[in-house]
Amino acid sequence: MLALALAAVLAGAAPANAAGPVTTLRGERGLDAVVRTTSYGIPHILARSFAGLGYGYGYALARANICTLADTYTTV
């Protein structure tokens, strides 16, 4: 019930006409999420479960910081 309430709040927070890209993620075991990015680069994640929310958050974080992550991995 809490996950549905959170999904409803997140759906209301994202503008319907987001100028950025919309990415639909389909993971295994119900890890589904929709990531909408605004024209300012702010991701809005819509998911049906906390696991899907984490999956979408990880995707958005990796997409925004891929160069930093790659530099850290190669340095270590």
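**Close-up views of a predicted model**

View 1. In strand β2, A33 is the bridge partner of L25. Strands β1 and β2 run antiparallel and share five bridges; strands count as paired if DSSP finds at least two bridges between them. Five residues sit between the two strands of this hairpin, and R29 takes a positive phi near 60 degrees. Strands here are DSSP runs (E, at least two residues) and helices are runs of H or I, at least four residues, numbered from the N terminus.

This is a predicted model, where local features need pLDDT of at least 70, side-chain atom pairs need 80 or more, and totals for chains, interfaces and linings use all residues. Residues are numbered from 1 along each chain as its sequence is written, and side-chain values use heavy atoms, leaving out hydrogens and water.

**View 2. The two faces of β1.** T23 and L25 make up the covered face of strand β1 (residues 22-26), while V22, T24 and R26 are on the uncovered one. In a regular strand, side chains alternate between the two faces of the sheet.

**View 3. The largest nonpolar core.** Six residues build it: L25, A33, V35, I45, A47 and A60.

View 4. The protein averages a pLDDT (the predictor's confidence in each residue, from 0 to 100) of 80, and 75% of the residues score at least 70. Confidence is lowest in helix α1 (residues 2-13), at a mean of 56, and highest in strand β3 (residues 43-47), at 93.

Terms used: A nonpolar core is a set of buried Ala, Val, Leu, Ile, Met, Phe, Trp, Tyr and Cys residues joined through side-chain atoms within 4.5 Å. Buried means under 20% relative accessible area, exposed over 50%, partly exposed in between (1.4 Å probe, protein chains only).
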